[in-house]
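Subject: Structure handover

Dear colleague,

I am passing the structure below on to you. My notes on salt bridges and backbone geometry follow it.

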Amino acid sequence: MDREAIIRSQRLADTVPFYGEGGPIPAHRDLSAKDDASGFLAVVQLLMRSWPYILPQILGRWWMPGVGTEGRMAELINGRGYSFVYMPPLVTLLAVIGPYYGFVPTSLEYPFNVFYILVGIVVLCTWPLPHLFGRVQFISLVVLLFSTILANLVAVVLIEGSSHSIYMGVITVSCLSGWFVQLHIGSGGLKYRFRVATHLIYYYGLTMIMGMGFFLLELMLAEIINQSLLQNEALMPGLSAMIGYPEMSNEVTATLSQAQRMELRWAPIKVEFFMFLLLWPLGLGLLYYVIWIFQRINHDLRLALVDRWHRLSLRHHADHRVGDSIWRIQSDSESVTDVLKVLGEVVVMIFNIATTLALISILSPLLGLLATFVILPTVLLARWAMPRFRTRSLVQRMANADLTSRIQEDFRSIKLSKAYEAGARSQQHFEEDSMIAFNAEYRYKRLEVRVRTIKDIYSQLIIFVGIFSMALWVNAGEPTFATELLALAGMTFVVWNLSAFQWTRERYEQTIDTVGGVMQMWGWAQHVAMGLKRVFDILDMEPEVTDREDALEFQAFEREIRFEDVAFAYSADRPILDGVDLTVVPGTITAIVGPTGSGKSTLMNLLLRLFDPDRGAISIDGRDLREFSVGSLRQNIAIALQENVLFGMTIRENIRYAVPDADDDRVNEAIRIACLEETVATLPQGLDTMLGDRGGRLSTGQKQRLSIARAIVRETPILVLDEPTAALDADMEHRVLRNLNEWVNYPGAARRAIFLITHRISTIRRADNIVYLEDSRVAESGNHEALMLIESGRYRAFVRAESGESVDV
């Protein structure tokens, strides 16, 4: 390794330290906490703005017999004449039948009273849903949802036996039937529809089932190990029957013998293994399913993002690097897949904190107060950390976007880089951008580690104080605080013993860790929100050129294209066109000529409505361009750009790029007009020959003629050619222009006009009309012969300057 390489390697190593800030990020590419313009509400709004892309995976679509699955999203509840008026009577009937016929006990003691109250709320909430609308309907839906979930939990967790669980399961299914199956009764008879593709509902429903399975497993293991194996207590009847030890039920015996305890010691392993066989395949399937769902959501957002980019003006694209756009589409848009995880986990964590904190406080209010105290330092730490998470996330995303731009630009200019031996300099620039991106990511992760370390320090101190206090209470045999409430919650801890210590310690640690977990999850939410911010910054941009509500479809022109007093400027201090007047009639070729920067390409951009003029108007057959829809206008104007943009596909596919359904006759005619027959004939697979990236297999002249053929094949009434013959020899130029002149005047064809933007005199003099632009306006206009007769004429001076000699008519 030479000395230069050694020095470079050492410099790179110094930029990436084992610990520390690393190499500095340039000030113009860095942000500090003072630059943060977002807050708590702004982050919440950014997260919620992704809802329209998530909602289709919740509401799904309707499937109807004879019609199939609709393309649009289904309504939240009902609509379009369909309803579920059958659902409230069905739920009411099922709720009454169960107790009336004795399928479930009718006891009103705890917890049966809580269960039946929840069932009553469920029944009441079903009645407004199909009949009322607006706020009442929405509130009824929310209350119904939570009441159904709570009733199922009470049936599974607090009530012995399976009858109540089955009963509530049937009621739940009947409630869901109104959402999934809806009816319409009209003159055509009975119609029905089914809600399908509600993937997030399917996913969270299965996840809830799996969660209840794990919760049930935890309760069973706690009962078997803590109460029976450690304290000799008999098993509850339902549990003893479920695991195959009916003789150990508390209905048979009060305590377990030593032999029974030895026999029962294998029960936890059997239970865990059985639940593993049930839940593991479900968990694996759900992991795959949720990835599939989130990719669909991300796909929808990407499509919306790219669609908006297509609608934005060239002014926007000229001011933004391609790599930044690529990074927003590829990486920033992925943030939408994390929104549900962030919001869902934060809500679940807060719910877990509230429930476990309530249970701990029942055992000891002091312990509950101690666990609550952890919120204070967490809030203070969050206030300091969140602005830094946001700014460092933005810097990291912008640095990666700059790195992507660097890679894209380096590969695009690889030929130039090799020609100028600039590879070493390009490598150096890449390494600098790569180190900046690395350090931006490193600083973000380093902040995460700092926050986590501080959080762990004070959390462990509070956990130590709590565990030490519980140990003292166990040693002294202190009574628990509210034994009546403990009994209602299904716990039998009367005094502080080993079982109470173990159960409370787990919940106490879980509560404190979860408080820190909420802060960490919210820190991650800042990163997600900044990705969404970069996405919505683009989606919030309004296109400069839009259609009117009553826009017409443009198809052809018969009389003229007219520019009247047209003015345009990219910025207020840099006018490009000012008072341009020009008329073009069908069957003619118009050459747009002038010095560099005179507005030739801008004039054609206005014709394509890539921009709208700041003053004046462009009209076709007396109608302002703004009266036509943008899409129909551009479909009828073909353009061959000065930069020959070709794709890594076959020649046939390149020619048919804008007209995929063009037949072979149409393609062959375009090839003939562009004088490409000989080139195609010499290629190994003819029209099916694959081109390299940007048409690397073709010469510049061949690329130029291929671009002309691609414009010709569209058969539009207006054709714009930007420097069409710059890379052609004199003979080929003559042939191509002769063919174009024939094409524009085909007998029986639609009336056409061609605009040429060119500096080449041999091309210009064949035009029917020459428009010379200078000082932002039309300086001269006419055919070649007429303009050359003007003494001291600008066009005449231009011709002499281009040819390098005196030019006569």
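Please keep in mind that this is a predicted model.

Salt bridges

Across the whole structure, the search returned 37 salt bridges.

Arg-652 and Asp-688 form a salt bridge through their side chains, with an N to O distance of 3.2 Å. Arg-652 sits in helix H24 (residues 651–655), while Asp-688 belongs to the loop between helix H26 (677–682) and helix H27 (700–712), so the contact ties together parts that are 36 residues apart in sequence. The two partners fall into separate accessibility classes: Arg-652 is buried because its relative accessible area, 16%, is under 20%, whereas Asp-688, with 42%, is partly exposed.

Another pair is made by Arg-507 and Glu-506, whose side chains meet at 3.1 Å, N to O. Here Arg-507 is buried, with a relative accessible area of 13%. Glu-506 is partly exposed, at 42% relative accessibility.

In the pair of Glu-627 and Arg-623, the closest N and O atoms of the salt bridge are 2.9 Å apart. Both residues are partly exposed: Glu-627 has a relative accessibility of 23%, and Arg-623 has a relative accessible area of 40%.

There is also a network of salt bridges, which links Arg-29, Arg-321, Asp-402, Arg-406, Glu-409 and Asp-433.

Backbone geometry

The peptide bond leading from Tyr-110 into Pro-111 is cis, and its omega is near 5°. Pro-111 is located in the loop between helix H5 (87–100) and helix H6 (112–126).

Asp-621 is a residue other than glycine with a positive phi, near 55°. The loop that holds Asp-621 runs between strand S8 (615–620) and strand S9 (623–624). With a relative accessibility of 18%, Asp-621 counts as buried. Arg-623, named above for its salt bridge with Glu-627, falls within the range of strand S9 (623–624).

Ser-792, again not a glycine, has a positive phi near 55°. Ser-792 lies in the loop between helix H30 (784–788) and helix H31 (794–803). Is Ser-792 buried or exposed? Ser-792 is exposed, with a relative accessible area of 76%.

Regards

Definitions and conventions: Residues are numbered from 1 along each chain as its sequence is written. This is a predicted model: local features need pLDDT of at least 70, side-chain atom pairs count only at pLDDT 80 or more; totals for chains, interfaces and linings use all residues. Side-chain values use heavy atoms; hydrogens and water are left out. A salt bridge is a side-chain nitrogen of Lys or Arg within 4 Å of a carboxyl oxygen of Asp or Glu. Buried means under 20% relative accessible area, exposed over 50%, partly exposed in between (1.4 Å probe, protein chains only). Helices (H or I, at least four residues) and strands (E, at least two) are DSSP runs, numbered from the N terminus.
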